[in-house]
Amino acid sequence: MTKLASVLALALTGGAGVSAQAPAATTPRFEAASVKPSAPGAQGQSMRRPPGGQFTASNIPLRDIIALAYGVQEFPWRLDGVPEWAAAERFDIVAKAAADVPPVRPGSPDPILMMLRTLLDERFRLTIHAENREMPVYALVLAKPGTLGRDLKKSEVDCDAIQLARLTAGARGAAAPPPVTAEGRPLCGFGGVQSSGPGAPGGIQAGGIPMWQLANLLPRFVERTVVDRTGLEGYYDWQLLFSPPRAADQSGGSIFTALQEQMGLKLESTRAPVEVWVVDRVERPTPD
């Protein structure tokens with residue numbers, strides 16, 4: 001599941017919903033950054049976050065960099081106003097923060113992405129604003145009120161305490177790997193499930209995850225914004241196995257069917273306001 005691998009490789013963040021501009025004294029920024037047009041004919045693309053507070057982009061369209069910075073990389077319908085050249089021309093970026101940037105719990109502001117927003121402002125003269133637009137969405141709801149599916153269970157784990165312990169250990173140079181259950185499932189966070197063979201579904205496992213975060217994940221597979229209307233509070237452990245939407249072999253079942261049969265949830269088509277980031281201005285940078 002190539003698409004699944006790319007989804008789980010990036011942090012899931014919530015929409016900011018506020019102006020991109022901030023007072024200079026409080027604006028997070030990289031200590032050093034190099035921005036250059038990619039070499040003509042360059043092959044391969046990557047965006048990486050190596051240790052040490054670094055960010056690198058290689059041969060990436062500017063549109064994709066903006067989308068990453070504003071948390072809509074997997075939601076093309078939530079980014080508007082990008083000029084044609086910014087969707088076509090590719091850039092290489094190498095940037096480094098003044099110090100290491102530890103990981104944050106999904107849904108919290110990501111310092112690296114905040115620094116990337118500042119870089120876009122300063123080097124590409126990007127101005128952007130958020131607005132709500134009425135559009136088709138899916139509502140994530142309980143298929144049967146008061147009933148959870150077999151693969152959806154309330155989490156009893158304090159993931160914040162586990163994350164704090166890991167960060168403390170990492171500061172001493174002895175960071176432990178992400179914890180897993182006896183069955184190998186992630187205790188806190190997401191993990192991929194590889195297909196066992198042709199026709200067998202792959203999917204996602206998660207531990208200590210709120211329902212709104214599941215709703216943020218689903219648009220990558222259903223190509224529409226999903227809003228959480230389950231009414232389920234707190235954190236949950238779950239597993240979801242399905243065939244990727246565009247896979248030739250769909251014998252593993254659709255994600256719509258998997259949600260209902262495995263988790264006791266369903267997606268209902270409706271309309272709702274959706275936050276869209278609109279580019280007001282962007283310029284080509286002066287290479288350095």
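Here are legends for a handful of close-ups of this predicted model.

Residue numbers start from 1 along each chain as its sequence is written, and side-chain values use heavy atoms, with hydrogens and water left out. Since the model is a prediction, local features need pLDDT of at least 70 and side-chain atom pairs count only at pLDDT 80 or more, while totals for chains, interfaces and linings use all residues.

**View 1. The open sheet E1-E5-E3-E2.** Four strands line up here in the order E1-E5-E3-E2, with antiparallel pairing. Strands (E, at least two residues) and helices (H or I, at least four) are DSSP runs, numbered from the N terminus, and two strands pair if DSSP finds at least two bridges between them. Strand E1 (32-37) and strand E2 (46-48) sit at the edges with a single partner strand each, so one side of each has no neighbour in the sheet. From one strand to the next, the twist averages 10°. Zoom in on E2 and you find it pairing with strand E3 (residues 54-61) in the antiparallel sense over three bridges; Arg 48 stands opposite Thr 56 in E3.

**View 2. Two helices on that sheet.** H2 packs on the sheet and touches E2, E3 and strand E5 (90-96); contact means heavy atoms within 4.5 Å. The direction of H2 makes about 140° with that of E3. H4 packs on the sheet as well, touching E1, E3 and E5, and its direction makes about 55° with that of E1. Axes are lines fitted to C-alpha atoms, for helices over the stretch in contact, and angles run from 0 to 180 degrees between N-to-C directions.

**View 3. Where H2 meets H4.** Helix H2 (residues 62-69) and helix H4 (residues 111-124) pack at an angle of about 140°, their axes 8 Å apart. That makes the two helices oblique to each other (under 35 degrees would be roughly parallel, over 145 roughly antiparallel, 65 to 115 roughly perpendicular, and the rest is oblique). From the H2 side come Leu 62, Ile 65, Ile 66, Leu 68 and Ala 69, and they meet Leu 113, Leu 116, Arg 117, Leu 120 and Phe 124 in H4. By class, the contact has nine nonpolar residues, no polar ones and one charged. Nonpolar here covers Ala, Val, Leu, Ile, Met, Phe, Trp, Tyr, Cys and Pro, charged covers Asp, Glu, Lys and Arg, and the others, Gly among them, are polar.

**View 4. The open sheet E7-E11-E9-E8.** This is an open sheet of four strands, again antiparallel in its pairing, in the order E7-E11-E9-E8. Strand E7 (152-154) and strand E8 (189-193) are the edge strands, each pairing on one side only. The twist averages 10° from one strand to the next. Helix H8 (residues 255-263) packs on the sheet, touching E7 and E11, and its direction makes about 135° with that of E11.

**View 5. Strand E11 and its partners.** E11 (residues 236-242) pairs with E7 over three bridges, in the antiparallel sense. Lys 153 stands opposite Asp 237, and the bridge partner of Lys 154 is Tyr 236. Strand E9 (residues 202-209) pairs with E11 over six bridges, also antiparallel, with Gln 205 partnered by Gln 239. E11 is mostly covered: five of its seven residues are buried (under 20% relative accessible area; exposed is over 50%, partly exposed in between, with a 1.4 Å probe and protein chains only).

**View 6. Pro 244 in the loop.** Pro 244 lies in the loop between E11 and H8. With a relative accessible area of 26%, Pro 244 is partly exposed. Pro 244 and Gly 202 are 42 residues apart in sequence, and 8.1 Å apart in space, C-alpha to C-alpha.
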